[in-house]
Amino acid sequence: MNIIQKNLTKHTMYTLVHKTMGTVFTTQIIANERLSQCEEKKVIKHQRLLENYLEQVDARFSTYLNDSEVSLFNRGEIKITEVSDVFIFVFSSCFAAKLATNEAFDANYNDKFDPSGFVKGWSIETGLNNFLKPLFKIEHIQAINLIGGGDMQFETRNGSNWVFDIGIVNPYSKKEIIKTLALTTGAIATSGISERGEHIYRRNKSVLQATVVGTSLQETDVWATALMVNPKASLPKNITGFVFYALEGDENVKNS
Amino acid sequence: MKKLIAFFVSVLIGFSALLDSYWLFFANKISTQVSPDLKSTVPTIFSKTVKVPPVSSTGKQSNSTNTKSSSTVRSVGKYKDGTYTGTVINTSWGAVQVQVTISGSQITNVTMIQSTSSDGQPHSELVDSQAEPIYISETKSSQSSKIQAVSGATVTYNGYTNSLQSALDQAVI
C-alpha cells in the first residue's frame, strides 16, 4: 500500500488512494510532525479496514453488480421482508430523503431501486467515523479527510490551527477552481450534469452544478442532487448550497 | 472379565468419537437445510400490526447498526395475510417505517410511512433558505497553490473517472 507524503507549510499531508464504486477514494491525513514508522503502520491498518468496508458496501449496493443485494431485490429474487437490516436502513433513508427534498431526490429510477445517490455519501461518512477517526489517538494527526469521487467528509482535531482549503471545480473546465472554501470539520458534496449513476432530471436546464456544505455527507450529497433538480429548493438549517448556473448565451441553456 | 470391561470401554470411546464427528460435520449442514423454510417467515424487523403505533423520533442516527437494536416482535410461521409494519428506522431526515401488505401469502404492496416526533412534526427542520446562486461568468481564480482537496461531480466513464479523480485528488498543492 502506497502512502504519498507531501510537505505543506507547517504540516505534512499523507495521502492513500483506493479505487472502488467506479471511482477513487482518497484518504488525506494532516499531521503537524512526520509520523513514525509505527504510526504509519497504524494508518495503513485503518486504511485497510476502511477499504474492506467500502468494498462490502459496493458488493451489497452496487447496481452494476448482478449479485448485489440491490440487484437481487430489483429482480424480485429477494423480497423486502428478506433483505438485510442495513438494506432497510438505506431503503428508509432514501425514502426519507425523497420526502425531505420534496421529491427532488428520488432513488427510484424506471421502477428500480437505485440508492447510489445516497450510498456513496453515507459510506464516506460512516467510513470516516468508524475507521479513520480512531487515528486521532495519534497525537500528531491534526485532521482527516475522506474524499470519494469529489464528495468529502472531514474532521479537524479540537484546538488545532489546521484549516482545509477546498476548491470547487469549474463544471466547464475540470482543471479550474471557481470557488474556494475554508473549512475545519464538516462535509461537502457536488453534483453535476455528468454525475455517474445518478439519474438527474433537471427542471431548470441552466443549472450546471450544485455544491452543498454541511455537517453530514449523507445529507449534503442528497441535497446536492436535489438542488440540481430544483435549484430553488429550501435547505435545512446549517446546510449551505451553491448553485452554478450556465453563462448567459450558453448554447446548452434552455429556458424553462 | 478385565478383557470384557476393556472391550466395553473401547466401544464407548468409539461411539462417542463417532457422535462427536457427527456433530462436527453434519449438525451444521442440517441447520442450513432448515433455513430455506425459515425464509418464508417474516424476519425480525417486521411485526404484524393492526394500527401503526405513534412513534417518537429520537433524533439523528447515522450508523446503520442502530437498525438492529430496534427490532421488536418476531413473527414466526408462514406469511399470513395482513399488514406488517417494520420497526422505526431513524434516518438523517427523520424516522420512517416500511409497511408490507400480504395477501394470499404473497407480498402485494410495500409502502413507507413517515413517523413523526412527539410534537407531530417531521424531524427534518426546513427553513426558508435557498442556495446561493453563482454564475459561471464570475469565475476568477484558477488552480490555487493553497488548495488541498477539490469537490466536483463524479464523471461518467470509469477509466476517465479514475484518472481524472486521482489527478484532482493528488495534483493539488
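Residues are numbered from 1 along each chain as its sequence is written, and chains are lettered from A and ligands numbered from 1 in the order in which they are written. Because the model is predicted, local features need pLDDT of at least 70, side-chain atom pairs count only at pLDDT 80 or more, and totals for chains, interfaces and linings use all residues, while side-chain values use heavy atoms, with hydrogens and water left out.

The model has an ipTM of 0.84 and a pTM of 0.75. The mean pLDDT (the predictor's confidence in each residue, from 0 to 100) of chain B is 58, and 34% of its residues score at least 70. Among the elements of chain B, the lowest mean pLDDT, 34, belongs to helix α2 (residues 66–69), and the highest, 88, to strand β3 (residues 89–91). Helices (H or I, at least four residues) and strands (E, at least two) are DSSP runs, numbered from the N terminus. In residues 49–77 of chain B the pLDDT is below 50, and this stretch has 63 contacts in the model beyond near neighbours in sequence; a contact means heavy atoms within 4.5 Å. The pLDDT is also below 50 over residues 156–162 of chain B, a stretch with 16 contacts beyond near neighbours in sequence. Where pLDDT is low, the predicted coordinates should not be read in detail.

Chain B contains three helices and eight strands, in the order α-β-α-β-β-β-β-β-β-β-α from the N terminus. Of its 173 residues, 31% are buried, where buried means under 20% relative accessible area, exposed over 50%, and partly exposed in between (1.4 Å probe, protein chains only). Among contacts in chain B between residues at least 6 apart in sequence, 54% join residues at least 24 apart. The chain exposes about 10900 Å², and carbon and sulfur atoms supply 60% of this area. Accessible areas come from the Shrake-Rupley method with a 1.4 Å probe; for residues, only the protein chains shown count as cover.

B:Phe8 lies in helix α1 (residues 2–38) of chain B and is exposed, with a relative accessible area of 52%. Together with B:Leu4, B:Phe7 and B:Val11, B:Phe8 makes a nonpolar surface patch of about 420 Å². Patches are made of residues with over 30% relative accessible area and no salt bridge; like charges are joined within 9 Å, and nonpolar side chains (Val, Leu, Ile, Met, Phe, Trp, Tyr) within 5 Å. By contrast, B:Ala95, in strand β4 (residues 94–103) of chain B, is buried at a relative accessible area of 1%.

In chain A, helix α4 (residues 116–132) has 17 residues and spans 22 Å from its first C-alpha to its last, close to the 24 Å expected at 1.5 Å a residue; the expected span is 1.5 Å times one less than the number of residues. In this helix, 14 of the 17 residues are buried.

Five salt bridges occur over all chains, each a side-chain nitrogen of Lys or Arg within 4 Å of a carboxyl oxygen of Asp or Glu. One of them joins A:Glu69 and A:Arg60 at 2.6 Å, N to O; A:Glu69 is buried (9%), whereas A:Arg60 is partly exposed (32%). Another joins A:Lys133 and A:Glu155, with the closest N and O atoms 3.2 Å apart. A:Lys133 lies in the loop between α4 and β6 (141–148) of chain A and A:Glu155 in strand β7 (residues 151–156) of chain A, so this pair ties together parts that are 22 residues apart in sequence.
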